[in-house]
Amino acid sequence: MSLLDSPQTDTLPKLLERNAQESATAAGMREKTRGVWQTFTWADYRDRVRDLALGLASLGFQRGDKLSVVGDNRPQLYIGQIAAQVLGGMSVPVYQDSIAAELVYVLNHAETSVIIAEDQEQVDKALSLKDKLPNLRLIVFDDPRGLWSYDDPILRPFESVLDAGREFARANPDFYATELAKGSADDIAMIAYTSGTTGNPKGVMLSHRNMIAGAESFIEVNDVRAGDNWLSYLPMAWLGDAAFSLGMALVGKLTANCPESPETVQRDLRELGPHAMLAPPRIWESMLTQMQVKGDDASPVKRRVFESFRSLAERCELKRTDGKPLSLAERLGLAVGEVFVYGPVRDQLGLRNARWCYTGGAPLGPDTYRFFRSFGINLKQIYGATEASALVTCQSNAEANPNTVGRPMPRVEVKIDDRGEVILRGPTVFRGYFKQEDSTRATMTSEGWLMTGDAGFFDKQGHLVIIDRARDVGKLADGSAFAPQFIENKLKFSPYIREAVAFGNDKPMVVAMIAIDMQTVGSWAERKGIAYSSFMDLSRKPEVATLIADEIAKANATLPDVQQVKRFLILNKELEADDAEMTRTRKVRRRFVAEKYAAVIDAFYDGSRQVKVTMEITFEDGRKSSLTSDIDIHDLGSAEPSRRAA
């Protein structure tokens with residue numbers, strides 16, 4: 001029986017009430033503060049939601065109002081979202097690193113009336129925009145440090161709103177229960193704004209039914225247990241976080257754990273040892289880079305031991321994937337490696353207790369995928385869309401495969417239309433785009449099918465394979481298939497390459513713009529005695545060009561000749577979301593980049609050895625600056641790496 005079948009459990013706040021009654025003393029949420037984990041039981045969690053909801057009601061928050069949260073992952077910001085839903089309102093999480101123009105657009109479009117801000121930084125940002133936000137009536141702040149002298153009447157400390165709620169409860173003892181009971185499964189729970197790869201973000205309206213159905217489907221096919229620890233570290237505006245830290249946690253009684261700060265996530269991860277983890281490819285790639293750099297920095301003996309056991313693990317993982325048995329020597333080697341390499345690596349990454357891990361949000365390169373699985377980490381792929389409550393397909397433990405994203409979730413129908421586009425329908429599909437009916441009609445068919453915009457197909461085992469964004473899949477001039485993400489993922493397996501953008505549609509060859517990883521390339525340069533003063537200076541060193549050429553040659557060796565990168569250049573700055581080159585979830589805004597760097601693309605194909613590049617830099621307050629320089633274009637004549645010294 002689904003939770004949605006009962007009026008007692010058909011909304012997220014009602015599930016919180018259920019958890020508080022059935023598991024009152026169990027941990028509902030934790031927060032690390034000043035080095036100590038503070039625990040909120042399910043009863044504590046419910047009480048704070050109740051007090052905040054009543055406090056907001058006393059300050060004029062009504063059914064249909066919008067409440068935005070901005071900041072790092074904090075219990076108070078999750079509590080704020082549920083409190084708004086108790087009153088029939090909608091939560092609108094926004095990215096804490098958004099520049100002013102992005103915040104103004106989302107907050108105005110959503111008609112946000114209340115903002116719950118984490119700290120002084122976010123309060124200052126909100127206050128600076130107050131005159132541009134006509135609907136804004138209240139800013140509630142969590143961390144009071146630095147705010148003692150602020151006297152703007154729009155500001156309220158979080159604790160004072162809780163106090164107002166307790167006072168309101170004494171005068172209106174039945175108000176909370178009455179408002180809670182009014183909620184229904186088809187009420188809009190939140191408006192999640194898309195990452196905006198093709199323009200301004202769109203507000204995806206998700207109901208309680210959408211979020212609960214998604215969580216139930218996931219739990220049905222995964223080993224999810226009440227009390228499992230979950231690290232809530234992903235951006236709160238990314239629906240993947242809400243799907244697990246709110247939806248999954250409330251449905252499955254998981255414990256959401258908020259790290260002390262973004263800078264301490266890796267340390268907190270190791271200390272907590274969560275039972276499950278979801279991370280976008282960028283996080284897994286960063287973890288791999290961390291392991292590769294530590295291996296390079298180790299003594300020659302340790303480096304040889306690490307590489308030997310790594311090679312063994314990857315060979316065995318490939319054999320398992322192919323269904324081939326392992327030899328006795330391989331099984332013994334893995335047992336020894338578990339003691340000296342694999343177990344310590346999992347512990348170092350904080351994944352010693354993880355029963356399953358997922359990657360989602362964008363494709364993960366197969367080499368990176370196999371690395372983690374070969375080290376005993378149960379990494380699997382998940383595919384989703386904001387418009388489908390984040391969850392569409394996932395892989396089972398026995399069917400993990402780097403080339404697919406698994407089978408559809410229970411009660412979700414997925415098929416491929418005549419154009420090769422993935423379409424789906426089911427209880428997780430959104431209610432439409434907020435105030436954008438034309439966009440909703442363009443995305444939904446009359447039969448209720450959601451058009452994802454992704455190109456894909458089903459393999460012989462019934463697993464969905466995503467090729468790329470449908471609009472990005474093309475052909476080279478000779479008719480060969482060109483899927484840029486596949487090539488980019490090969491390149492990003494290198495610890496020295498942070499981002500790569502491949503071009504080649506309707507062109508005679510594949511070329512790429514490379515953004516180096518400042519940390520790993522900087523460490524490499526220091527070991528080589530190469531002096532540098534900045535990212536730009538480092539990116540222009542001829543030794544770095546040779547290093548990157550070698551890394552591209554390694555990737556080329558795994559690609560068909562026609563898809564190998566023939567020319568490249570190294571950008572003199574990182575690709576940034578603030579400059580609209582990436583989304584906040586680190587997806588390349590490919591069309592924008594192609595237009596912005598049109599001169600670079602032309603230079604790639606007209607044989608130029610150098611190109612003048614003007615790069616725009618956007619500051620947090622919206623001010624812009626530009627950087628113009630001549631950048632060399634490099635040719636790769638062979639797939640074989642040079643004999644560069646290690």
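This is a predicted model: local features need pLDDT of at least 70, side-chain atom pairs count only at pLDDT 80 or more; totals for chains, interfaces and linings use all residues.
Residues are numbered from 1 along each chain as its sequence is written, and side-chain values use heavy atoms, with hydrogens and water left out. Local features need pLDDT of at least 70 and side-chain atom pairs pLDDT 80 or more, while totals for chains, interfaces and linings use all residues.

Side chains of opposite charge can pair when their charged atoms come close. A salt bridge is counted when a side-chain nitrogen of Lys or Arg is within 4 Å of a carboxyl oxygen of Asp or Glu. The count is 53 salt bridges.

Asp163 pairs with Arg166, with the closest N and O atoms 2.7 Å apart. Both residues lie in helix α6 (residues 158-171), three residues apart, so about one helical turn separates them. Helices are DSSP runs (H or I, at least four residues), numbered from the N terminus. Asp163 is partly exposed at 44% relative accessibility. "Buried" means under 20% relative accessible area, "exposed" over 50%, and "partly exposed" in between (1.4 Å probe, protein chains only). Asp163 and Arg166 also belong to a salt-bridge network that includes Glu17 and Arg46.

Arg590 and Glu488 meet at 2.7 Å, N to O. Arg590 is in helix α20 (residues 590-596) and Glu488 in helix α16, 102 residues apart. Arg590 is buried at 12%, and Glu488 is buried at 5%. Lys490 bridges to Asp367, with the closest N and O atoms 3.8 Å apart. Lys490 lies in helix α16 (residues 484-492) and Asp367 in helix α14 (residues 366-374), so this pair ties together parts 123 residues apart in sequence.

Methods. Helices (H or I, at least four residues) and strands (E, at least two) are DSSP runs, numbered from the N terminus.
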